[in-house]
Number of protein chains: 2
Amino acid sequence: MAASLEKNAPHQVVIVGGGFGGLYAAKTLAKANVNVTLIDKRNFHLFQPLLYQVATGTLSPADISSPLRFVLRKSKNTQVLLGEVNNIDPKAQQVSVGDRLVPYDTLIVATGANHSYLGKDNWKDFAPGLKTVEDAIEIRRRIFSAFEAAERETDPEKRRALLTFVIVGGGPTGVELAGAIAELAHKTLREDFRNIDTSEAKILLLQGGNRILPYIAPELSQAATAALQKLGVVIQTNTRVTNIENDIVTFKQGDEVQEIPAKTILWAAGVKASAMGKVLADSTGVECDRAGRVMVEPDLTIKGYENIFVVGDLANFSYQNGQPLPGVAPVAKQEGEYVARLIRLRLQGRTLPQFSYNDVGSLAMIGQNLAVVDLGLIKLQGFIAWVFWLLIHIYFLIEFDTKLVVVIQWAWNYITRNRRSRLITGREAFLEDKIVNDSSHYQTPEKKQPASI
Amino acid sequence: MAASLEKNAPHQVVIVGGGFGGLYAAKTLAKANVNVTLIDKRNFHLFQPLLYQVATGTLSPADISSPLRFVLRKSKNTQVLLGEVNNIDPKAQQVSVGDRLVPYDTLIVATGANHSYLGKDNWKDFAPGLKTVEDAIEIRRRIFSAFEAAERETDPEKRRALLTFVIVGGGPTGVELAGAIAELAHKTLREDFRNIDTSEAKILLLQGGNRILPYIAPELSQAATAALQKLGVVIQTNTRVTNIENDIVTFKQGDEVQEIPAKTILWAAGVKASAMGKVLADSTGVECDRAGRVMVEPDLTIKGYENIFVVGDLANFSYQNGQPLPGVAPVAKQEGEYVARLIRLRLQGRTLPQFSYNDVGSLAMIGQNLAVVDLGLIKLQGFIAWVFWLLIHIYFLIEFDTKLVVVIQWAWNYITRNRRSRLITGREAFLEDKIVNDSSHYQTPEKKQPASI
């Protein structure tokens, strides 16, 4: 047991990151005899598994976000600090947030992962990825702006490029994006346009490996392929993207090189650990893997520091079947809960056996009434998998925020294929009003008018 | 009757602007024997009267927006064109959208109004106004970031400035913003913070005239004043803002000059007509008033052009009691409907008597269970006015989009004081992850990881 855990003063737990790992750790510590400080750059927790539905216009960002303070308002031992940790001092046991030092007895680092462009960071502007609310709004803007521009375009070639959507990466995010865009094009939007037939849109899903959804059983992967193809998605496996420029993507399948003009290119291919991994490596000497993930001990601490834990996408935990656990929400959640329980037990002089992930299975939504669910022994596809997917997500959303009305709205939007949230917004999303310089002509110096009623 | 209205080819109606005026004109023309083109810079109609609820974290932008194509999908005679009109040629009867020319037989201009900073456009950055979704998100970011920064701040003076909110302008928008911020500070957020007492926030409402809500009856204005004061809002009438700088607002009441440090300054004071007014003036010679509004004829056409109509906030219609009609949604809606009916009748060789606004009354929401409603003979305040306000808005929202679930959610959020939507978002809303340059260390060239499950 570390010396720092044997003090009499209230034990200080600092959690960096309010994703699934950090937040479930904080929730599990709510009634422990510790003080908790949760530090995050954002003021809300994001239910990332549904972010693709924001990007495709079904949900609003707030539908899948909960203000951290709101979620933790009843945890009187917990305070939330909005800020970015830029340094960790493991000797002094403190982290720096701006110019402020926050001391800890136990530190939990759960800062997750970002996109990785495989060393080609210049692809970023042409092919945005999907990690943040801002990413989702940007992707939403691109998708719906492309349909709008196609409606205006008279040149058939340009129109074709505007109606071509390329998704790089055949994991769950890529599959869900491809399915949702296909549904938009072939179902939701068909009635809305007058000059284009949105169902002529081409949706191309590029996968590096030999099948999509490599983490689930091959037969489900096959079922997903068939379902996507039925929706009109063209899937190309064993394909490596070799270049992305403005509106052009180049890729290679075997020796065949293809160059496709596409206005909308989305990146769902690679992730790298957040920068906090490097901060930890520099300050503690802990090893990171090639994806920047921190190599953790069997109890999720890092080597030489019994009071520093790493959980979630930032952690490389390879003690089950030799492979690192996947970067998915259930892993982060279970790791966060485990660490919190371990901290509580340690304060009583007890401990826990090493962390072990209880695999709840994998699932991916393809479209209306179509999903694949791999629970190990049980494998579901089609409508029944879709219902299962729906129930699981309703369960998680309710557990999280008890906002039943939101869940009903969400399910309703989903079932009715409503795309009410398909706003094209953002700072550069619309043409600014021309500035009128003749100000004397355009001002009302005295009169104050109601802007709304 | 204009010659252009006597053709045999389908009559082309072009509507510029998808606000209340333009959209109700389009809806009313849905079954007429005309072709309609609705041109807007945005792809959605915004229910502006509730925009302050987005700015204060109760609703999401999509909750009060409807995609124009969705609203008009059943109107097969109508097409929506996303773009900005930059010129009008009344002789050739066409408008320019980018480099595209759109011909019309009848033109309806309904481009609304923007903020006016009374000639002090440099105040804009320090005191944002509330007209667009982006404005609302920016104001939301500022309000909630101020509370967050106050929670971190240890200097009492700086903390006071962070917890000071100044709203310039005592019309409906100013009153609604002040009431909503007061409720946040005194009710919603109190449980969420640990270091600050949010109820110590100072909310200051500055009004140029001698009472707030000058458009409603004096006794209701008094009731609103009392209700706001009870919520903790300080109201200062007969007050002119003389300067706004970063975090400091200076104002004058009589001879007394006050300078108040305030992190959040919001502008709800003046509006000016959109730039299309000037475009119309330049191309047709029509007169505009000092606020840039187009002087319209009794039938909402402009002088010399029987086939050009101006409706909504852009129009100055002064044939009822000598005053221009206020820039509110019901006026725009009725004007849009009138013009559409007139166009239909003209095609049958008939006409309509001059436009006449049926004043449905004025109302403003102050806070939970508190509103004021002025229906002329009937004046309501307090809880009953609040219920009335709620029913009116539910009625309008349902009429508009039949999204009952959204309305239920909205009413539910409103009644339960939920502020689920209080996300701090936007391009500059959060600290970017530090960029890690050692890319070899942080990339996974082959492995594609699922970003979500």
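Two strands count as paired when DSSP finds at least two bridges between them. In this predicted model, that rule applies to the hairpin of chain B formed by β14(B) and β15(B), which has two residues between its strands. Strand β14 covers residues 239–245 of chain B and strand β15 covers residues 248–253. The two run antiparallel and are joined by six bridges. One of the facing pairs is B:N243 with B:T250, its bridge partner in β15(B). In the turn, B:D247 has a positive phi of about 70°.

A:D247 lies in the loop between β14 (239–245) and β15 (248–253) of chain A. Its phi is also positive, about 70°, although A:D247 is not a glycine. With 16 other C-beta atoms within 10 Å, A:D247 is partly exposed; a residue needs 20 or more such atoms to count as buried, and 12 or fewer to count as exposed.

Another positive phi in a residue other than glycine is found at B:N321, where the value is near 50°. B:N321 sits in the loop between β22 (315–316) and α9 (329–347) of chain B.

Next comes chain A as a whole. Chain A has 453 residues, and 55% of them count as buried. Its secondary structure amounts to twelve helices and 25 strands. The chain is divided into two domains: domain 1 takes in 3–41 + 83–115 + 272–347, and domain 2 takes in 121–269. Between the C-alpha centres of domain 1 and domain 2 of chain A the distance is 36 Å. Among contacts in chain A between residues at least 6 apart in sequence, 63% join residues that are at least 24 apart.

Within chain A, strand β9 (residues 106–109) can be followed in some detail. A:T106 and A:I108 point one way from β9(A), while A:L107 and A:V109 point the other way, and all are buried. β9(A) pairs with strand β1 (residues 11–16) of chain A, with which it runs parallel, through four bridges. In that pairing A:I108 is the bridge partner of A:I15. β9(A) also pairs in the parallel sense with strand β21 (residues 305–310) of chain A, over three bridges. There A:L107 stands opposite A:I308.

Strand β7 (residues 94–97) of chain B is joined to β8(B) by four bridges. Across this pair, B:S96 stands opposite B:L101.

Two helices of chain B come next. Helix α4 (residues 133–152) has 20 residues and reaches 29 Å from its first C-alpha to its last, close to the 28 Å expected at 1.5 Å a residue. Why is α4(B) described as largely enclosed by the rest of the structure? The reason is that 14 of its 20 residues are buried.

Helix α7 (residues 218–230) of chain B has 13 residues and reaches 18 Å from its first C-alpha to its last, close to the 18 Å expected. Its buried residues are B:L220, B:S221, B:A223, B:A224, B:T225, B:A227 and B:L228. An α-helix has 3.6 residues a turn, so residues three or four places apart point the same way. What covers the buried residues of α7(B)? The cover includes the helix α6 (172–188) and the strands β12 (202–206), β13 (233–236), β23 (362–367), β24 (370–374) and β25 (379–381) of chain B. After α7(B) comes B:G232, with a positive phi near 100°.

The last topic is confidence. The predictor gives the complex an ipTM of 0.84 and a pTM of 0.87. Chain A averages a pLDDT of 87, and 87% of its residues score at least 70. Over residues 1–7 of chain A pLDDT stays under 50, and the model has twelve contacts beyond four places in sequence for them. Residues 427–453 of chain A also stay under 50, with 67 contacts beyond four places in sequence.

Technical notes:
Residues are numbered from 1 along each chain as its sequence is written. Chains are lettered from A and ligands numbered from 1 in the order in which they are written. This is a predicted model: local features need pLDDT of at least 70, side-chain atom pairs count only at pLDDT 80 or more; totals for chains, interfaces and linings use all residues. Domain bounds come from an automatic or database domain assignment. Two residues are in contact if their C-beta atoms, placed from the backbone, lie within 7 Å. pLDDT is the predictor's confidence in each residue, from 0 to 100. The expected span of a helix is 1.5 Å times one less than its number of residues.
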